[in-house]
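User: I am new to this structure and would like to learn how to read its features. Please begin with the accessibility of a single residue.

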Amino acid sequence: MVASAPDLKAFLLATPFFGGLSDPGLDLLMSMLVECRFDAGATVVAEGDPGRSLFIVKSGRLAVSKRAAAGSVIPISVLERGDFFGEMTLIEMQNRSATVVAESPTVLYELTAQKLYACYKADIHAYVIVLQNINRELCRRLRRSDDRFAGHQVDEDN
């Protein structure tokens with residue numbers, strides 16, 4: 001199902017992924033999104049699997065985890081409304097780096113690498129803004145990871 005609800009635009013503009021886009025750029029990207037629904041307990045993506053899309057969380061709560069070398073599961077983060085994940089596979093073209101499981105019924109919007117490339121071809125300005133937004137979020141995540149590694153208190157609001 002292609003996302004096209006009137007309230008979708010306001011939601012997307014409030015997410016870090018779509019911030020700063022012009023109306024035409026946002027409309028283009030909105031036309032490329034596919035709505036996906038997952039029940040509580042469903043695995044959305046699995047660590048090590050091939051991945052060629054990213055997801056924006058419309059509703060629900062998801063747990064992100066990685067497997068340790070010893071086989072135990074290490075919780076990484078929790079994702080909620082407005083968060084996005086899966087961008088690493090689009091940038092580095094590697095397999096999924098973590099497992100994401102829906103903790104509650106969840107609605108996501110999927111953007112494939114193929115659609116993102118179509119955005120590049122159709123509206124280079126929108127494409128550049130999306131990549132800047134992805135890079136900002138990756139930097140935020142790296143900073144939080146650095147702080148956790150160094151033993152500092154992490155302020156989840158920043």
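Analyst: In this predicted model, a residue counts as buried under 20% relative accessible area and as exposed over 50%. Lys9, at 24%, is therefore partly exposed.

User: With which residue does the side chain of Lys9 meet in a salt bridge?

Analyst: A salt bridge requires a side-chain nitrogen of Lys or Arg within 4 Å of a carboxyl oxygen of Asp or Glu. The partner of Lys9 is Asp23, with an N to O distance of 3.8 Å. This pair links distant parts of the chain, since Lys9 belongs to helix α1 and Asp23 to helix α2, 14 residues apart. Asp23 is partly exposed, at 47% relative accessibility. Lys9 and Asp23 also form a network of salt bridges with Asp27.

User: How many salt bridges does a search of the whole structure find?

Analyst: The search finds seven. Among them is the bridge between Glu47 and Lys66, at 3.3 Å from N to O. Glu47 lies in the loop between β2 and β3 and Lys66 in strand β4, so the pair ties together parts 19 residues apart in sequence.

User: Is strand β8 largely enclosed or open?

Analyst: Five of the seven residues of β8 (residues 106-112) are buried, so the strand is largely enclosed by the rest of the structure.

User: Which strands pair with β8?

Analyst: In a regular strand, side chains alternate between the two faces of the sheet. Strand β1 runs antiparallel to β8 and is joined to it by five bridges, with Glu35 opposite Tyr109. Strand β3 also pairs with β8 in the antiparallel sense, over six bridges, and Phe55 stands opposite Glu110.

How values were computed
Residues numbered from 1 in each chain as written. Predicted model: local features only at pLDDT ≥ 70, side-chain atom pairs only at ≥ 80, totals over all residues. Heavy atoms only, no water. Buried < 20%, exposed > 50% of the residue type's maximum accessible area, 1.4 Å probe, protein only. Helix = DSSP H or I, 4+ residues; strand = E, 2+ residues; numbered from the N terminus. Pairing = 2+ DSSP bridges.
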